[in-house]
Amino acid sequence: MPVALVVLLLDLSLIYHASRTGRLRPWAFIILLVPMMGAIAYIAVELVPEWFSSPGARQARQRVANRLDPEKRYRELSDRLAGTDTIANRAALADECADVGRFSEAQAHYDHILKLPMGHDPAYALRKAQVEFSARLPADALATLDDLQKQWPDFDSADAHLLYARGLAEVGRLDEALEEYHALAGYFPGAEARVRYGMLLQSVGRSAEARMVFNELLIQMRRAPKYLRKAQAEWLSIAEKQLSA
């Protein structure tokens, strides 16, 4: 049997399998566009993990699938919201919009949620501010956080304070940002707040204070459990580079 015919039969069989298992998009396009290699990719990503099902295999498959079709989950969540418009479904879609860079749509979803009686919650206001910051609208993020504080004065979130400090720095209110970071450094879980504090100190010419912040952080983390050092590895690496610069 000619090799081309074998490849064609294999491709058609896999496309049929994809259609029966709800995977037609984007696999049919990939298999037809890249004969043989598309089939191998489908087998590796979809079939092998099923044959050797494990959490690690499922995660690997999801990562590859996301690269091949990054908006697949967005479409699924959009369909779910169209069928059942609940706060949970809208919030899930808003989060996914933020993940795929659809910031305006994410913001619109959070605005909608916050207008609902059951959606009037500081957690959604915080997520809206995070989306605004990701969209490079730090002034809008600060305004949302200021409004959050007015409406929910008892709401306390280290993440909100970190975002506020970053927003202040982005709009040039550096003295206020340094004050916010200084307060955060004492209670923020993890290394991010202190590393950002040290970097801002360096940027305004207060290098000696910045080195002190980095040194204290690294000394403290050397005594921390291994799992914690691993979780903070990215920020610790930045602190070490800043010290050696």
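**View 1. Helices α11 and α12 cross with their axes within 9 Å, at roughly 145 degrees.** Axes are lines fitted to C-alpha atoms, for helices over the stretch in contact, and angles run from 0 to 180 degrees between N-to-C directions. Helices are DSSP runs of H or I with at least four residues, strands are runs of E with at least two, and both are numbered from the N terminus. The crossing of α11 and α12 is left-handed. Left-handed means that the near helix is turned anticlockwise from the far one by less than a right angle; clockwise would be right-handed. From α11, the contact takes in Leu174, Ala177, Leu178, Tyr181, His182 and Leu184. From α12 come Ala193, Arg196, Tyr197, Leu200 and Leu201. Contact means heavy atoms within 4.5 Å. By class, 9 of these residues are nonpolar, 1 is polar and 1 is charged. Ala, Val, Leu, Ile, Met, Phe, Trp, Tyr, Cys and Pro count as nonpolar, Asp, Glu, Lys and Arg as charged, and the others, Gly among them, as polar.

The model is predicted: local features need pLDDT of at least 70, side-chain atom pairs count only at pLDDT 80 or more, and totals for chains, interfaces and linings use all residues. Residues are numbered from 1 along each chain as its sequence is written, and side-chain values use heavy atoms, with hydrogens and water left out.

**View 2. Helix α10 (residues 158-170) packs on helix α12 (residues 192-203) at about 15 degrees.** Their axes lie 11 Å apart. The angle makes α10 roughly parallel to α12. Angles under 35 degrees count as roughly parallel, over 145 as roughly antiparallel, 65 to 115 as roughly perpendicular and the rest as oblique. α10 passes α12 in a left-handed crossing. Leu162, Arg166 and Ala169 of α10 meet Glu192, Ala193, Arg196 and Leu200 of α12. This contact has 4 nonpolar, 3 charged and no polar residues.

**View 3. Helix α12 has 12 residues and reaches 16 Å from its first C-alpha to its last.** That span is close to the 16 Å expected at 1.5 Å a residue. The expected span is 1.5 Å times one less than the number of residues. Glu192, Ala193, Arg194, Val195, Tyr197, Gly198, Leu200 and Leu201 are buried in α12. Buried means under 20% relative accessible area, exposed over 50%, and partly exposed in between, with a 1.4 Å probe and protein chains only. Their cover includes α10, α11 (174-184), α13 (207-222) and α15 (233-244). Gly205 follows α12, with a positive phi near 90 degrees.

**View 4. Helix α6 (residues 87-99) has 13 residues and spans 18 Å.** Its buried residues are Ile87, Asn89, Arg90, Ala91, Leu93, Ala94, Glu96, Cys97 and Ala98. They pack against α5 (72-83), α7 (103-114) and α8. Just after α6, Gly101 has a positive phi of about 85 degrees.

**View 5. Arg136 sits in the loop between α8 (122-134) and α9 (138-151).** Its phi is near 65 degrees, a positive value in a residue other than glycine. Arg136 is exposed, with a relative accessible area of 75%.

**View 6. Gln232 lies in the loop between α14 (226-231) and α15.** Gln232 is buried, at 15% relative accessible area. It touches Gly190, Ala191, Glu192 and Met221, leaving aside residues up to four places away in sequence.

**View 7. The whole chain has 15 helices and 0 strands.** Of its 245 residues, 36% count as buried. Among contacts between residues at least 6 apart in sequence, 43% join residues at least 24 apart.
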